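Please open the model in a viewer and follow the selections below in order. Each stop names what to select and then describes what is found there.

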Amino acid sequence: MLREAEVVVLGAGVVGLTLARLLWKRGRKVLVVAEALGEASRVPVALVNPLRGRRFTLAEEGERALEAALGFYSRFVPLHLGVFRPVPEKDRPKVAERLASLKHRWEGGGVVLEEAFWLEPRPLLERLAQGLPFLRGRVLAWEPPYLRLEGGGRVRGEVLVYAGGGRGAHLLALEGRHIPGLVLTLLDYFPRALSYRVYLAGAALGGSYLPGEKGYRLPPPTEGEVDWLLRGAEALLGYRPQVASAWRGVRFRLGAPHLFPVEGGWALTGFGSTGFLHAPLLAERLAARF
Ligand SMILES: Cc1cc2nc3c(=O)[nH]c(=O)nc-3n(C[C@H](O)[C@H](O)[C@H](O)COP(=O)(O)OP(=O)(O)OC[C@H]3O[C@@H](n4cnc5c(N)ncnc54)[C@H](O)[C@@H]3O)c2cc1C
């Protein structure tokens with residue numbers, strides 16, 4: 001069996017589907033090949049927030065990425081606007097300076113990023129995939145202009161795009177960090193996201209406690225990790241929320257750039273914790289090259 005397309009996208013996570021959708025809209029003959037609809041992108045809730053971590057660093061091209069993300073995702077799923085970030089007093093002058101051009105307001109010991117938001121990735125992936133040419137299968141080898149599939153089939157693309165996240169990184173021998181994260185789903189619901197060390201949004205409590213690793217694997221949740229998340233939530237809420245279930249995922253982080261040429265085409269990957277923030281901006285940039 002051989003299927004062909006102008007652009008073959010390996011990966012149906014937020015990155016691959018966003019790119020495929022944009023190419024499809026531009027009238028390109030595109031084919032998505034993936035084992036499943038999302039891997040890391042199946043995280044129960046994703047924050048799209050350009051102000052990162054405990055050091056309040058501004059994500060690379062954060063403002064532009066946020067604008068592109070707002071415009072793109074709002075066509076597919078509801079966006080829950082407003083992310084509250086508690087800011088220790090000593091950090092406030094620094095944060096105020098960094099936020100100069102981002103819409104925000106100060107409120108009770110922190111800052112509300114008015115255009116940052118959270119969304120539910122699973123319905124997003126479903127809607128992004130709707131109507132797109134999609135071949136479900138496992139890719140065993142990247143052999144431009146072909147992808148070789150489990151079961152003996154092949155797919156041919158004039159251009160191949162790698163958007164296979166951490167799970168497929170071995171196909172191109174991409175060396176990055178695989179950082180396990182845990183999300184607990186809760187009985188409580190938080191309409192507005194809040195984030196400091198851990199994040200709470202919708203019915204999810206998430207964060208990364210375990211160190212990064214060289215290879216991809218999905219370690220089971222550890223007790224220390226669950227306790228660390230609950231302590232983080234308690235610091236934000238004043239009580240420990242009740243847990244309904246746990247979801248494990250692995251972030252894949254490469255040093256910049258995240259869009260780069262590879263044999264036979266392009267790779268768009270390695271976003272670490274900002275895949276949902278950066279996917280629309282960089283996918284748009286790549287789509288414009290075809
Ligand atoms: C716990 C946790 C919380 C997170 N929270 C956030 C957040 O709040 N905000 C945010 O922006 N980001 C967050 N992230 C990061 C975000 O999930 C990722 O950056 C993003 O999902 C990466 O998307 P992707 O499309 O590159 O990869 P993935 O979603 O991993 O998709 C990879 C795709 O490639 C396919 N694939 C891989 N290998 C093969 C193969 N050999 N054959 C066939 N198909 C293959 C898979 O089936 C899948 O379709 C979080 C991650 C974790 C783990």
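Begin where two domains meet: seven residues of domain 2 are in contact with eight residues of domain 3, contact meaning that C-beta atoms, placed from the backbone, lie within 7 Å. Select strand β6 (residues 80-86), which gives the most to the side of domain 2 that touches domain 3, with six residues. Helices (H or I, at least four residues) and strands (E, at least two) are DSSP runs, numbered from the N terminus. The residues on this side of domain 2 divide into four nonpolar, two polar and one charged. In this classification Ala, Val, Leu, Ile, Met, Phe, Trp, Tyr, Cys and Pro count as nonpolar, Asp, Glu, Lys and Arg as charged, and the others, Gly among them, as polar.

The model is predicted: local features need pLDDT of at least 70 and side-chain atom pairs count only at pLDDT 80 or more, while totals for chains, interfaces and linings use all residues. Residues are numbered from 1 along each chain as its sequence is written.

Next, colour the chain by domain: domain 1 (1-44 + 120-176 + 254-290), domain 2 (59-118) and domain 3 (178-251), with bounds from an automatic or database domain assignment. The centres of domain 2 and domain 3, taken over C-alpha atoms, are separated by 21 Å.

Now select the ligand. Which residues come nearest to the ligand? Of the 38 residues around it, these are G13, G165, G168, G181 and G275; a residue is counted as near if its C-beta atom, placed from the backbone, lies within 6 Å. Elements giving two or more residues to this shell include α1 (14-25), β13 (177-196) and α6 (275-287). The shell divides into 18 nonpolar, 15 polar and five charged residues. Because domain 1 and domain 3 both give residues to the shell, the ligand lies between them.

Keep α1 and α6 selected. The two helices pack at an angle of about 35°, with their axes 9 Å apart; axes are lines fitted to C-alpha atoms, for helices over the stretch in contact, and angles run from 0 to 180 degrees between N-to-C directions. Show the side chains of V14, V15, T18, L19, L22 and L23 in α1, which meet residues of α6 including F276, P280 and L286.

Finally, select residues 6-24, which the unreviewed UniProt entry annotates as "transmembrane region". The span is 58% helix and 26% strand, and its end C-alpha atoms lie 11 Å apart. UniProt positions are given in the numbering used here, feature names are shortened, and annotations may be inferred rather than shown by experiment.
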